[in-house]
Amino acid sequence: MSAAQLQGAERTPQGVVMKGITMEPVVEKCEGCERIKEFEGEKYCSTYPQPELKWKLGVCNFATHVKAELDKSGKVKVNPLKASKRAARGR
Ligand code: SF4
């Protein structure tokens with residue numbers, strides 16, 4: 001396994017819990033982010049427990065693989081950082 005392991009997480013009937021917080025798996029947009037950690041074969045974010053929610057609100061401000069910018073009209077623009085994206089594909 002190449003990704004780092006999620007530390008301090010445990011499997012409970014409610015799902016994967018870390019420090020009392022239920023963790024949701026990462027979403028497609030997270031692919032390539034260095035904050036992804038693996039736990040029992042699934043990927044979780046070590047920074048934010050609900051990646052899907054994070055991306056619903058816009059661009060994840062913790063992401064290491066994309067850089068979010070607001071353009072002049074105030075819309076969010078996402079610029080993939082090429083090197084890390086390629087690394088993520090090579091799995
Ligand atoms: S930091 Fe953001 S982009 Fe990276 S894994 Fe977590 S939720 Fe996804």
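## The ligand and its shell

Nine nonpolar residues, one polar residue and one charged residue make up the shell around the ligand. Here Ala, Val, Leu, Ile, Met, Phe, Trp, Tyr, Cys and Pro count as nonpolar, Asp, Glu, Lys and Arg as charged, and the others, Gly among them, as polar. The residues around the ligand are C30, C33, R35, I36, C45, P51, W55, C60, F62, A63 and H65. A residue is near a molecule if one of its heavy atoms lies within 4 Å of it.

This is a predicted model, in which local features need pLDDT of at least 70, side-chain atom pairs count only at pLDDT 80 or more, and totals for chains, interfaces and linings use all residues. Residues are numbered from 1 along each chain as its sequence is written, and side-chain values use heavy atoms, with hydrogens and water left out.

## The cavity

The ligand takes up the space of the largest cavity. A molecule sits in a cavity if more than half of its atoms lie within 2 Å of its grid points. A cavity is a set of points, on a 1 Å grid over the protein atoms alone, where a 1.4 Å probe fits but cannot get out; its lining residues have an atom within 4 Å of a point. Grid points are joined across faces, edges and corners, and a volume is the space filled by probe spheres set on the points.

One cavity of 30 Å³ or more is counted by this rule. The largest cavity holds about 90 Å³ of space. It is lined by 13 residues, and C30, C33, C45, W55 and C60 are the closest to its centre. By class, this lining has ten nonpolar, one polar and two charged residues. Helix α1 (residues 51-56) gives the largest share of the lining, three residues. Helices (H or I, at least four residues) and strands (E, at least two) are DSSP runs, numbered from the N terminus.

## The three-stranded sheet

Strands β1, β2 and β3 form an open sheet in the order β1-β2-β3, with antiparallel pairing. The edges are β1 (9-12) and β3 (21-23); each has a single partner strand, so one side of each is left without a neighbour in the sheet. Neighbouring strands of this sheet are turned by 40 degrees against each other on average, direction ignored. The axes are lines fitted to C-alpha atoms, and angles run from 0 to 180 degrees between N-to-C directions.

Two strands pair if DSSP finds at least two bridges between them. Four bridges join β1 to β2. E10 stands opposite V17 in β2. Two residues lie between β1 and β2 in their hairpin.

Strand β2 (residues 15-18) is joined to β3 by three bridges. V16 has M23 in β3 as its bridge partner, and M18 stands opposite I21 in β3. The hairpin of β2 and β3 also has two residues between the strands, and K19 in the turn has a positive phi of about 50 degrees.

## Two further hairpins

Strand β4 (residues 36-39) runs antiparallel to strand β5 (residues 42-45), and four bridges join them. The bridge partner of E38 is K43 in β5. Their hairpin has two residues between the strands, and E40 takes a positive phi near 50 degrees.

Strand β6 (residues 66-70) and strand β7 (residues 76-80) are antiparallel and joined by five bridges. E69 has K77 in β7 as its bridge partner. Five residues lie between the strands of this hairpin, where G74 takes a positive phi near 85 degrees.

Methods:
On a 1 Å grid over the protein atoms alone, a cavity is a set of points where a 1.4 Å probe fits but cannot get out, and a pocket is an open set with protein on both sides within 12 Å along at least five of seven lines; lining residues have an atom within 4 Å of a point.
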